[in-house]
Amino acid sequence: MLEQRRLTEESMHGSTSSGMSCVLREQIQATIIDGKDIEVSFDDFPYYLSETTKAMLIADTYIHLKHREQLKYASGLPTVNSRIMLSGPTGSEIYQEMLVKALARYYGAKLLIFDSNAFLGGLSVKETEPMKEACSAHKSSLSGASNVFRTGDRVKYIGSASGAQHLGPIRCPKVGSTGRVALSFNDNLFAKVGVRFDNPFIYGIDLGGLCDDSHGYFCKVSELCVDAPAVEDPYTLLTNTLFEVVFNESLYSPFILFVKDADKVMAGNAKLYSTFRSRLEKLPNNVISIGSHAHSDNHKEKDSPEKQHDKGKEVAKNSKFLTELFPNIVAIHMPQDETLLSIWKQQLEQDAYTLKMKENFNSLQTVLSRNGLKCNGLQTLCITDRNFSVESAEKVVGWALSHHLMQNKSVDPDEALVLSPVSIQYGLKVLLDQNDTKSLKKSVKDVATENEFENKILDDVISPGDIGVTFDDIGALENVKDTIKELVMLPLQRPELFCKSQLTKPCKGILLFGPPGTGKTMLAKAVATEAGANFINISMSSITSKLFGEGEKCVKAVFSLASKIAPCVVFVDEVDSLLGRRGNSREHKAMRKIKNEFLVNWDGLRTKDSERVMILAATNRPFDLDEAVIRRLPRRLMVNLPDAPNRAKILKVILAKEDLAQDVDLDSVASMTNGYSGSDLKNLCVAAAYRPIKEIIEKEKKEHAAARADGRPPPAPYSSADLRPLNMDDFRYSHQQVCASVSSESVNMTKLLEWNDLYGEGGSRKKQSFSYYI
């Protein structure tokens with residue numbers, strides 16, 4: 001049974017890869033252009049063309065395409081490397097393609113323009129079905145419960161299917177260990193199987209002399225699976241097929257391979273990048289590979305400095321692996337004349353417009369093909385929406401399919417569905433209406449205010465898109481995040497689910513309390529961002545006034561404005577300073593009135609339960625809050641200091657975009673930072689990040705001093721590219737500089753734990769009075 005299954009699976013795997021490879025090979029070969037048939041030339045180029053750019057392209061490729069027998073003299077010359085990165089500004093994608101076509105015509109070489117989305121995205125359901133079936137068959141083979149293993153079978157140890165935890169020391173092989181069956185009992189399906197594993201382990205045995213000591217182990221059948229070959233990844237298959245075609249074509253003619261959007265093709269796929277690079281390096285000498293890269297103009301972007309810094313690091317990372325693939329960089333030079341530059345930029349803008357239409361068309365075509373649908377006349381539609389994506393295309397095709405079925409109720413189920421452009425146009429209209437509805441939501445700055453007090457509060461309103469903090473930006477606190485999503489986001493996003501019962505009215509108030517620096521304010525920002533709610537940040541300065549009675553009017557304006565821009569989250573940071581316990585003899589009468597007004601508007605006689613307005617409060621001293629305030633905050637969540645696993649999660653979030661050395665162990669950093677809050681960990685990482693900068697500065701000082709002593713001009717200053725990655729020594733050094741800001745044994749921490757035990761979520765509710773209440 002097992003042998004038959006293995007033969008069947010290997011046959012399916014081979015036929016699947018072969019079938020997909022044939023389909024891809026035919027598609028790739030169909031896109032090859034003979035340079036003699038190309039109309040674009042350097043002499044009749046439709047754009048401005050710098051003589052420098054033209055000369056560099058010709059000089060870098062001439063020896064490969066015309067005199068490859070002389071390459072023995074150019075092996076160590078980087079300027080004639082056959083792997084070229086063509087770099088230009090944003091919008092120059094079509095320009096670069098035309099430039100490569102002109103180069104192919106100049107040499108009369110074959111040209112292949114490679115776009116991975118055009119190949120894999122265009123495969124139909126029928127063409128991709130064999131690969132899906134093979135994947136399913138491969139996954140089903142991993143269940144070894146019904147297999148009968150025979151001597152000599154290759155197997156993999158997958159562990160206990162029940163997932164039970166070992167109470168004692170783990171005496172079994174490591175999950176994923178592979179080996180061969182040395183002893184089996186075919187007549188007893190419930191007997192264990194003796195496996196000779198490839199690598200030894202501590203508790204291994206010799207299976208009675210059938211294998212070397214420490215290599216054998218008796219395993220249950222359910223703990224094993226067939227060690228079968230995996231189905232080849234579609235992108236790897238496409239890459240291998242591509243280079244096979246290029247190699248075969250280069251036997252008869254000089255060849256140019258142009259890789260469009262090279263940075264996007266292999267983004268986040270290390271295996272594909274490794275395969276692509278190895279195949280590039282093995283190409284014949286008469287093949288020129290050119291990678292397309294369009295760099296953004298950072299001066300035109302209006303992002304915050306933090307976002308620009310993050311984008312800069314991402315661009316630097318992408319540029320690093322691009323230059324490893326295509327080390328010979330040829331830059332597109334812009335015209336220096338103002339008139340020519342203006343015309344050139346207009347052409348690029350028109351190209352970007354055309355390119356977006358083409359991308360939108362390809363997105364629709366991809367979704368249609370993947371679902372086995374067709375549309376005659378799709379090319380007649382003009383979609384120029386810059387925010388159109390594959391997700392948008394999926395929505396459009398879904399609505400178009402419904403429209404087609406509504407208009408054609410007698411559809412033959414055995415025939416392929418062919419949608420009309422009218423149905424696609426209907427789907428596009430629904431998408432446009434949906435986007436318009438979102439954009440027609442009340443703009444914060446266009447809300448009709450009733451008085452000057454609402455105008456004053458309006459300045460403190462933040463739209464959800466302007467906050468920019470999500471739950472993914474917050475490391476750890478999983479339980480708190482899940483509770484907030486249930487209590488806050490769900491009622492704000494799906495109010496219809498909470499209107500049936502009187503008991504499911506949205507929560508009116510949530511209190512986040514805990515020691516400083518644990519992420520309470522970031523949680524509030526993430527709530528407003530992901531719930532799509534407007535955010536009013538209340539502080540004492542926004543609701544107090546020197547004039548008698550105006551403080552109460554400002555408080556009333558907070559709630560009246562919040563109801564107008566609902567759904568809305570009113571965030572009160574350090575709520576104990578605003579809504580502390582009443583009755584203090586030192587409290588001013590005006591402050592007492594402001595508190596009363598706040599409580600009345602929050603949950604008073606005229607308050608409507610249907611209003612989607614929620615108070616989110618944060619404090620380090622919940623025990624100073626008034627009892628009426630605590631009553632209006634029915635859910636009280638403690639945001640405590642993180643333990644070691646959660647500190648590791650926080651560090652992972654903080655250092656996600658940083659350049660780290662191989663020796664950096666975040667678990668070790670987490671273990672040596674006991675008692676640190678999230679803010680302390682951020683300060684620790686900042687201090688560590690300054691250390692490489694200090695080393696660069698000290699190095700520059702020494703080099704300047706040496707140059708001054710020798711009478712030489714000072715050397716050029718170093719750049720950010722010269723900074724080394726952060727290593728463990730940096731974190732050990734910063735650990736000596738940055739200590740925990742909160743003591744777990746402080747009086748305030750003890751009070752927080754006691755208050756949480758009495759009033760917080762999951763507390764024991766012990767009946768005890770606190771010393772600070774007396």
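Q: Where does Ile 32 lie in this predicted model?
A: Ile 32 sits in the loop that links helix H1 (2-30) to strand E1 (33-34).

Q: Why does Ile 32 count as buried?
A: Its relative accessibility is 18%, and buried means under 20%, so Ile 32 counts as buried.

Q: Which residues is Ile 32 in contact with, leaving aside its neighbours within four places in sequence?
A: They are Lys 110, Leu 111, Leu 112, Val 245, Glu 249 and Phe 255. Contact here means heavy atoms within 4.5 Å. As for Ile 256, it is 224 residues apart from Ile 32 in sequence, and 9.8 Å apart in space, C-alpha to C-alpha.

Q: What makes E14 and E19 the edges of the open sheet of 6 strands?
A: The order is E14-E16-E17-E18-E15-E19. Strand E14 (461-462) and strand E19 (635-638) each have a single partner strand, so one side of each is left without a neighbour in the sheet.

Q: How do you know that E14 and strand E16 pair?
A: Pairing takes at least two bridges, and 2 bridges join E14 to E16 (residues 534-538), so the two strands pair. They run antiparallel, and Ile 462 has Phe 535 as its bridge partner in E16.

Q: Which residues touch the most other members of the largest nonpolar core?
A: Of its 43 residues, these are Ile 536, Ile 543, Val 570 and Trp 602. Helix H17 (residues 550-564) gives the most to this core, with 7 residues. Another core, of 33 residues, lies apart from it and includes Phe 42, Tyr 95, Phe 258 and Ile 290.

Technical notes:
Residues numbered from 1 in each chain as written. Predicted model: local features only at pLDDT ≥ 70, side-chain atom pairs only at ≥ 80, totals over all residues. Heavy atoms only, no water. Helix = DSSP H or I, 4+ residues; strand = E, 2+ residues; numbered from the N terminus. Buried < 20%, exposed > 50% of the residue type's maximum accessible area, 1.4 Å probe, protein only. Core = buried A, V, L, I, M, F, W, Y, C linked by side-chain atoms within 4.5 Å.
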